[in-house]
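Thank you all for coming. I would like to take you through one structure this morning, beginning with a sheet and ending with an interface.

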Amino acid sequence: MFSVKPLKPTFKSYLPPLQTELTKTPQPTINKLEAKLLPGEIVVNEVNFVRKCIGAESSRDDLWGKLICTNFKISFVTHDALPQQKFQYANRLLGEHDVPLACVEQVVTVNDAKGKQKVLGSNQKLKFNPTELIVYCKDFRIVRFRFDEAGPESAKKVCLAIAHYSQPADLQLLFGFEYVGKRHCAPSGDQVNGADRAGGPQTPLFDRTCDWDREIKRTGASEWRVCSVNEGFSVSPSLPEYFVVPVSLADQDLKQYSGFFTAQRIPLWCWNHHNGSALVRMASIRDPAQQRKLDQRICNAVTRSHPKRGDVLKSDLDKSLPSIQDVQAAFVRLRHICVIEPFEESEEKWLSSMESSRWLEYVRAFLKHSAEVVYMLEGKQASVILQEEEDRDLSCVVSSLVQIMLDPHFRSLQGFQSLVQKEWVMAGHRFLDRCNHLKRNDKEEAPLFLLFLDCVWQLMNQYPAAFEFTETYLTVLSDSMWVPVFSTFLFNCARQHTEHSRDFARSKNIPLGRDKALRFPPVWDWSQQFTLKDQALFNSPLYVGKGGPCVQNGAVKSFKRTKKNYSSTLRGMPSLRNGLLGEHDYFPRRSSLVLRLRPDFSQLREAAESPSERFFGDWLSRPPDLQGLLLPQLLPSHLKLWRLYFLRWVPEAQISRGGPITAFHKLSLLADEIETLQRQLRQYKGGAPPSSAPASAPGTPQPEQRRMYFKADTPRDPPSPPDYLSSSFPFSPVGNLCRRSILGTPLSKFLSGAKIWLSTETLASETL
Amino acid sequence: MDPLAEVPLLPGEERVTDKDLIYMCPFSGAVKGKVFITNYRLFFKSTDVDPAVTLDVPLGAVSRVEKMGGATSRGENSYGLDITCKDMRNLRFALKQEGHSRRDIFEILFRYAFPLSHAMPLFAFLSQEKFEENGWSVYSPMQEFRRQGLPNDKWRITFLNQSYELCDTYPTVLVVPYKATEEDLRKVAAFRSRGRIPVLSWIHPENQAVIARCSQPLVGMSGKRNRDDERYLDIIREANGTTNKLTIFDARPNVNAVANKATGGGYEGEDAYQNAELVFLDIHNIHVMRESLKKLKDIVYPNVEESHWLSSLESTHWLEHIKLVLAGAIQVADKISSGNSVVVHCSDGWDRTAQLTSLAMLMLDSYYRTLKGFQVLVEKEWISFGHKFASRIGHGDKNHADADRSPIFVQFIDCVWQMTKQFPTAFEFSERLLVTVLDHLYSCRFGTFLYNCESVRDTNEVRTKTVSLWSLINSDQASYINPFYATESTRVLYPVASMRHLELWVTYYIRWNPRIRQQQQSPVEQRYKELLALRDQYLKKLEELQLSDSAPHLPNSTAPSPASPTQRVTHLHTPF
């Protein structure tokens, strides 16, 4: 028998030891293993004969190959195939075992013979030869490599390079710049990935006036206009060049007001309800002396843009919601219990640990607050101003959630992408800082975007047929934050994007031609990362789209959205007492004073339910209109852990050949069959197209572009779900987590401790 | 309009009384209305609110009726009745304080809710309901054993218990090792608690490993041994020709098994059973489970505990118990899959043992995951093998505090639900079946769950005098079908028994809360059925076009074979 750990050879062998090779033969071509490089990508360091740990209990399934550090990724190249891996969801920018450097959370090197370990930072020294490398990733993966047979010096160099290059000193050192620079020079159409652009509609980026014009028109916001006062970022550094303001405010006014707002952030229009009420977001007013006057001016302007001169309510998000630090702390705790704590030991206290992480509590708080804003817009027909100190964090979450609940357009794939572009990217959410891409300031790091995606997932979990996209889409979108080539997640604001890409081009002498700057691809260009076939996993077979057919009482109907039915107005609203909404400031219409009416709490207690509760109750008692208003079920018993996202890399939590995906699979087959039938019906050109079939709907796919990933005809309607489906699908925990297999090292205890994520400094000072 | 006309009456159901009173709804406050009592149900309809509040509670679900407040109690609506139900809700009615207004209704309610305590028949014996299907024919032990390939050269069928002489809580037909004589069986019965000897529940069609069930051995304080019992277990072990050890799963925690020695019970000692390994599964007893569910009710009814939901849920330990039961069943299934026979017991072998054997069989045998097979499983492992439904549920019995009450069967159904959540395509039946089964576990409308064992059921002529629950279900099968079901013949289902995946069954335990959207079926299920209807409609249209259009435009290779235009949503297997 062979030992689990290969014996240390007495002489330096450059072939993998035979005793571990019972299942596979040594690769004669091992020296020819090469990293697949993207344009602008260069190899920094590499080491051969590295073992990637796969199995939890033994090294039997481990893979042999070459570990490479480039300026973009940690790459492990091997000729071996991953065991039990019958399915591969491939990212075009990354190999099967690759981890982008931007995805690296922490690099730990270990020498088990000496009992030493060290968390590596940038530009650090390593006084021992590592026998193993553990990479903790931001997407919850934990990858482990062993160097028993590798050249000790090369191994050390690769580890140091990984640590160094995953902490770039400057924004322009992020790989995206080299990549986009090289692609810019390359003749167009000759892209290395062969990114075949889908002919589908493009996601508006809201960097042009026409995108805003279209949105104004779509929502019927006739009393609002696009202003270009910030062209060239001359007024506010963090606002986009174009945004929407009340018609009654002239450019001159805006310029004058801007000075009083934090970071000169003039209030931004987000969305209009068809009843005329508007959703607006705004930063705080810096000068207390101007506060009242300015508040009132803004308020009047918003009122004047309401066709019925409806009330304006202000919601102070900083007072009502957890701070970004709270969210980050919750996330760290949740990550800890999901992937760091030993699986069995944490079972007993799982629920209370979940609770004490407070993640779900925060998810609920954001959903609840957004639902109350929805009530004000829909139930009270009042305009709402979301106010936050800088208007760049909490507002992004709340404004997008409100719009998703109220407007079915944002539940379509294109609509959702435009929403993220509008309320996050253009509104200046600091993706660079919140992702901590430069690993400079941990205090700025906060997974607000993930929190938002989780909130969307909760809605999707409760109303699965209301969304065009799937949870796989949300997960992949979140993972894309760690692939640092997309304009979407690289910058803190539009200005930073423009300036840095211009400067970089200048410094590298890249001819820009007519463009103002290098164009980073938005993440929405999904063919950058995935084939059209794989992108089909984004499409939900359940979706009841606006053009799509649905069945009621056996009769096929086609949804035609009219202005009225996408957001039914509430009938018989009870008369409202003032100020019942607790934390929200209340502006009486056209009053000369900004009053904050205190809620009468004694009255509140006596009333069986508040008007907003009654509003929610009424809504819940009716069958949901998936093309109308959507409110979340807020009882804590109905909010769930987003398992696909948080548990996909945990082998013990994987339900093999089970999970929701198996039902999804069956649904997809049916949806695909229906698509095929629709196509066949359409081919009867002679006869008139069937009236109830949405044959002419613009969204229907071309024969060669079928929406569903699982197709009905290949192979002919299989009786059971394919073997490779699991609760982690399309991801696989195989080979991604070797938490339990720290054999032969004194590390197992150490790794199960909390500190490894929490404080790099204390740990680093402890050893060496 | 007379609200009386709206009271739904079953054949055989009769009105007893009605009364104007106030329903103290925990969600919307005091609601005036009228209550109707029949020999089957309590029905309430409000008169002053729109939409009307209605309650429809089978009296079988009533656990306890109490008077609340006295004639001199102060405060509005402080005088009335408090009704505790077995199905996770409480009802409170207020009446006028003058003139002993509640006396009559209290007495009637008490009498009709607890007929057995008043020498009256359960409603199941009064029901005149007729169904197309006869549920009593669902389960025939001989047929089921034949399906399993029994008898064979190692296992035989014995009628030794024909008149319940060997064991009065076992069924009449038993499968035992071929090598064991009737005399052996009698000797073994003497050494097993209540004569519940090890008998076969299920045999693996390929490796011939078996699940056998029994009660604890009567070891006692002195550590008695019984050669016949030892030899009998060894015959079971070797029946499938392996040399491996026999695994005895004792469902109890180790300490409980030891404690049972004091009352004459115990477990199989290492010395005595040398070819066996004993594994304790740490599942707690009926009292622990009862208290756990009680705690769960406290945090979900009437209001869901909001501020510390997850830690409150944890402190009920309900999901932890579910986890242990499932984990135990997984171990049983795993042993069987690898070719080792197992013996499962607890103390008496009618609570935890039934949970373990039936769940393991559900994992191992896809037949039990069909609508019909599941009925067979419940009839076989629970009803025929003497799970004490009468004692555990207390049908028609006023002794609500009886220590024999316990939600063991509810827990089993919860485990099944957890499995259906993890494998949405593996079960032919839907959540609705599970909820319906639990509703009628209490309702006393059907004879299925009445009485403790077959011998008592025979005495009371349940099969001839009452209707089976399966008659209701099998006459309307479409309503209980899971549209996502995909037939798989040989797959063993291993659920993940981890807190990461176990969920509270909110659609059952929190279904009375009006703040939760009540839906007949899950939105995903509903959408699937809509899509099925749409598909059928398109198929029909295409067929019409193909008929009217003599010149074929399409290559027929991609065209589906024409499906019958009469297909309905509920048809699962369409020729496609």
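Please keep in mind throughout that this is a predicted model. Let me begin with helix α1 of chain A, residues 152–165, which lies across β1, β2, β3, β5, β6 and β7 of chain A and runs at about 120° to β1(A).

As for the sheet in chain A, there is an open sheet of eight strands with antiparallel pairing, and its order reads β4-β3-β2-β1-β8-β7-β5-β6. At the edges stand β4, residues 99–100, and β6, residues 116–120, and because each has a single partner strand, one side of each is left without a neighbour in the sheet. Strand β1, residues 43–52, and strand β8, residues 142–146, run antiparallel in chain A and are joined by two bridges; here Arg51(A) has Arg146(A) in β8(A) as its bridge partner.

I turn now to the interface, where 61 residues of chain B are in contact with 72 residues of chain A. The two chains bury about 6,100 Å² between them, with 60% of it on carbon and sulfur atoms. Which residues of chain B lose the most area to chain A? They are Arg500(B), Arg517(B) and Tyr538(B), which together account for 16% of what that side buries.

Arg500(B) also forms a salt bridge with Glu347(A), in which the closest N and O atoms are 2.8 Å apart, and across the interface of chain B and chain A there are seven salt bridges. On the side of chain B that touches chain A, α18(B) gives the most, with 17 residues, and by class that side has 33 nonpolar, 13 polar and 15 charged residues.

Notes
Residues numbered from 1 in each chain as written. Chains lettered and ligands numbered in written order. Predicted model: local features only at pLDDT ≥ 70, side-chain atom pairs only at ≥ 80, totals over all residues. Heavy atoms only, no water. Pairing = 2+ DSSP bridges. Helix = DSSP H or I, 4+ residues; strand = E, 2+ residues; numbered from the N terminus. Contact = heavy atoms within 4.5 Å. Axes fitted to C-alpha atoms, helices over the stretch in contact; angles between N-to-C directions. Buried area = accessible area lost by both parts, 1.4 Å probe. Salt bridge = Lys/Arg side-chain N within 4 Å of Asp/Glu carboxyl O. Nonpolar A, V, L, I, M, F, W, Y, C, P; charged D, E, K, R; others polar.
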